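Have the structure open and follow along.

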Amino acid sequence: MSVLPRVNKLITDPVYQNYLQKIAEAEKERLYCKHGLDHGLAVARIAYAYLLEQGGTVPAKEVIYAAALLHDIGRWAEYTSGEDHARAGAALARPLLEKSGFDPREIRMIAQAIAEHSTHSAENLSVLGRALALADDWARDCLQCKVKDSCHKFTEQMNQIVY
Ligand SMILES: [Fe+2]
Ligand SMILES: [Fe+2]
């Protein structure tokens, strides 16, 4: 077991909780996947397992978890103004990360990964950005989904259990 103090600080920040609240309200009638804390946590666990399995230089566990828990935080901005949620999320994440005790290098790495997570070109992505993009898809339970036929994210591959 490892406790992640800065991540726990982050998720209990009232600003973070307010963003989650706004997303939950905006997604009340949404038929497709939602973007609550459960989704962030699923992405965190999958991205962490994936990065460990890949080997090499793995970002710190707190960095991976913070990036995953923040990756969709810009959703409410997208619902409100049409702004891309990955870009918006990267900007919203910075002050939250600073308050939670992450250092400037870690903040840069996390903000970049958040900005990258919805670009599915996979090439030229940072290690953490690619892990978020992959984990984001693997975190979804498409097999039993009733609306997958009309989901823009769904591919046959997503009927498979990967992690
Ligand atoms: Fe996203
Ligand atoms: Fe996501």
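Let's start with Gly129, which is in contact with Ala113, Glu116 and His117 once its neighbours within four places in sequence are set aside. Keep in mind that this is a predicted model. Gly129 has its place in helix H8. Is Gly129 buried or exposed? Its relative accessibility is 0%, so Gly129 counts as buried. If you want a distance to check on screen, take Ser118: Gly129 and Ser118 are eleven residues apart in sequence, and their C-alpha atoms are 8.8 Å apart in space.

**The core**

Now zoom out to the largest nonpolar core, which has 40 residues. Which of its members touch the most other members? Those are Tyr16, Leu70, Ile73, Leu97, Phe102, Ile110 and Leu128. At least two residues of this core come from each of H1 (5-11), H2 (14-26), H3 (37-54), H4 (61-70), H5 (75-81), H6 (85-99), H7 (104-116) and H8 (127-138). Which helix gives the most to this core? That's H4, with eight residues. As a general point, nonpolar side chains in soluble globular proteins tend to be buried together.

Leu128 is worth a click of its own. Not counting residues up to four places away in sequence, Leu128 touches Leu51, Pro59, Val63, Ile64, Ala67, Met109, Ile110 and Ala113.

One of those partners is Met109, which lies in helix H7. Leaving aside neighbours within four places in sequence, Met109 is in contact with Pro59, Val63 and Leu128. Met109 has a relative accessible area of 27%, so it counts as partly exposed; the cut-off for buried is under 20%.

**How the helices pack**

| Pair | Angle | Axis distance |
|---|---|---|
| H3 and H8 | about 120 degrees | 8 Å apart |
| H4 and H7 | about 40 degrees | 9 Å apart |
| H3 and H4 | roughly 145 degrees | within 8 Å |

Take H3 and H8 to begin with. Their axes pack at an angle of about 120 degrees, and that makes H3 oblique to H8. H3 passes H8 in a right-handed crossing. On the H3 side you'll find His39, Val43, Ile46, Ala47, Tyr50 and Leu51; they meet Val127, Leu128, Arg130, Ala131, Leu132, Leu134, Ala135, Asp136 and Trp138 in H8. Sorted by class, the contact of H3 with H8 has twelve nonpolar, one polar and two charged residues.

Setting aside residues up to four places away in sequence, Tyr50 touches Arg130, Ala131, Leu134, Trp138 and Tyr163. At 8% relative accessibility, Tyr50 counts as buried. Tyr50 and Lys28 are 22 residues apart along the chain, with their C-alpha atoms separated by 31 Å.

Next up are H4 and H7. At an angle of about 40 degrees, H4 and H7 are therefore oblique to each other. Their crossing is right-handed. Val63, Ala66, Ala67 and Leu70 of H4 make the contact with Glu106, Met109, Ile110 and Ile114 of H7. By class, the contact of H4 with H7 has seven nonpolar, no polar and one charged residues.

That leaves H3 and H4. H3 passes H4 in a right-handed crossing. The contact is made by Leu37, Gly40, Leu41, Val43, Ala44, Arg45, Ala47, Tyr48 and Leu51 of H3, together with Lys61, Ile64, Tyr65, Ala68 and Leu69 of H4. The residues of the contact of H3 with H4 divide into eleven nonpolar, one polar and two charged.

**Out in the loop**

To finish, find Gly56, whose place is in the loop between H3 and H4. Is Gly56 buried or exposed? Gly56 is exposed, with a relative accessible area of 74%. From there to Tyr163 is a span of 107 residues in sequence, while the C-alpha atoms of Gly56 and Tyr163 are 19 Å apart in space.

How values were computed. Residues numbered from 1 in each chain as written. Chains lettered and ligands numbered in written order. Predicted model: local features only at pLDDT ≥ 70, side-chain atom pairs only at ≥ 80, totals over all residues. Heavy atoms only, no water. Core = buried A, V, L, I, M, F, W, Y, C linked by side-chain atoms within 4.5 Å. Buried < 20%, exposed > 50% of the residue type's maximum accessible area, 1.4 Å probe, protein only. Helix = DSSP H or I, 4+ residues; strand = E, 2+ residues; numbered from the N terminus. Contact = heavy atoms within 4.5 Å. Axes fitted to C-alpha atoms, helices over the stretch in contact; angles between N-to-C directions. Parallel < 35°, antiparallel > 145°, perpendicular 65-115°, else oblique. Left-handed = near helix turned anticlockwise from the far one by under 90°. Nonpolar A, V, L, I, M, F, W, Y, C, P; charged D, E, K, R; others polar.
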